[in-house]
Amino acid sequence: MATKKFMYLNRKASYGTAYAIESLEVVLIAAAFDQDVSLAFIDDGVYQIVEGQNTDGIGMKNFSKTFHALGDYDINKLYVSAESLVERGLTADDLMSLVYEDEDDDWAEKPSVKIVSNAELTKIMSDQDVCLSF
Amino acid sequence: MADILGAEVDEEGFLVNLKDWTEEIAVVMAKGDDIDLSEEHWDVINFLRSYFEEYQIAPAVRVLTKAIGKQFGKEKGNSKYLYSLFPYGPGKQGCRFAGLPKPTGCI
């Protein structure tokens, strides 16, 4: 099977709607089929990877933990819109530390999250075979 | 609705409520598949449960294989070994015994 470049755009916060968790499910399925998968977090989507989420009060699964598994699925390109962070008063320090082990570099742990400008993100998106927006 | 030792299961035999799981349930489920759970089975079942606890998902077989090899030795980090323990698939059958939902992407 030919490999395609899939990008998943995450635009909504985690728990108000089902978009975020559904996106993550599809991402894991695409990874199971050995595709080249990347994620983008734009607008309220940046809230999905904010550190220290606690869902006890709303009785929902805290699936932010699942983002830590993505490295094991060879998903290590997580782009975050710099503008969206600034608009929400967030910085890189507010985000979860998501890492992967680089097979080609003696399994060294490397960061998966990359903060990029919207202009850079546009370029990355135009390089994809498929973009799916959630 | 079917149940195992009073715990509700779905039409494929997976627990409906993760919290209902006990070791006895795993033993009964395995007996139903003609398997006597050995220490090696428990290694995998316990691994699956702690992986789920940490990441809130069941690992894909590829991820499970790699992790088992890392934790229990290279000779165990292959699908032949895992299928010898769980002939219906380490993901599907293993997760069922472990009281977890069916793995994402599992067909």
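From the N terminus on, the elements of chain A follow the order β-α-β-β-α-β-β-β-α-β, a series made up of three helices and seven strands. The model described here is predicted, and the values given below are computed from it. Along its principal axes, the C-alpha trace of chain A spans about 45 × 30 × 30 Å. A compact globule of 134 residues would have a radius of gyration near 14 Å, and the 14 Å found for chain A agrees with this expectation. Of the 134 residues in the chain, 31% count as buried.

Five strands of chain A form an open sheet, in which the order is β6-β3-β2-β1-β7 and the pairing is parallel. The edges of this sheet are β6 (113-116) and β7 (130-133) of chain A, each of which pairs on one side only. From one strand to the next, the twist averages 25°.

The pairing can be followed across the sheet strand by strand. Strand β1 of chain A, which comprises residues 5-10, pairs with β7(A) in the parallel sense over four bridges, and within this pairing A:F6 stands opposite A:V130 of β7(A). Two helices are placed against the sheet. Helix α1 of chain A (residues 19-32) packs on the sheet and touches β1 and β2 of chain A, with a direction that makes about 165° with that of β1(A). Helix α3 of chain A (residues 118-126) also packs on the sheet, where it touches β1, β2, β3, β6 and β7 of chain A, and its direction makes about 140° with that of β3(A).

Strand β3(A) takes part in two further pairings. With β2(A) it pairs in the parallel sense over three bridges, and here A:L78 of β3(A) is the bridge partner of A:L39. Four bridges join β3(A) to β6(A), and these two strands likewise run parallel; in this pairing A:V80 stands opposite A:I115 of β6(A). In general, most residues other than glycine have a negative phi. A:D43, although it is not a glycine, has a positive phi of about 50°. This residue lies in the loop between β2 (36-41) and β3 (78-81) of chain A, and it counts as partly exposed because it has 16 C-beta neighbours inside 10 Å. In chain B, B:D34 is likewise not a glycine and has a positive phi, of about 60°. B:D34 is found in the loop between α1 (23-32) and α2 (39-55) of chain B; with 7 other C-beta atoms within 10 Å, this residue is exposed.

The contact between the two chains takes 13 residues from chain A and eight residues from chain B. By class, the side of chain B that touches chain A consists of four nonpolar, three polar and one charged residues.

Note on methods. Residues numbered from 1 in each chain as written. Chains lettered and ligands numbered in written order. Predicted model: local features only at pLDDT ≥ 70, side-chain atom pairs only at ≥ 80, totals over all residues. Rg over C-alpha atoms; globule rule 2.2 N^0.38 Å. Buried ≥ 20, exposed ≤ 12 C-beta atoms within 10 Å, placed from the backbone. Contact = placed C-beta atoms within 7 Å. Nonpolar A, V, L, I, M, F, W, Y, C, P; charged D, E, K, R; others polar. Pairing = 2+ DSSP bridges. Axes fitted to C-alpha atoms, helices over the stretch in contact; angles between N-to-C directions.
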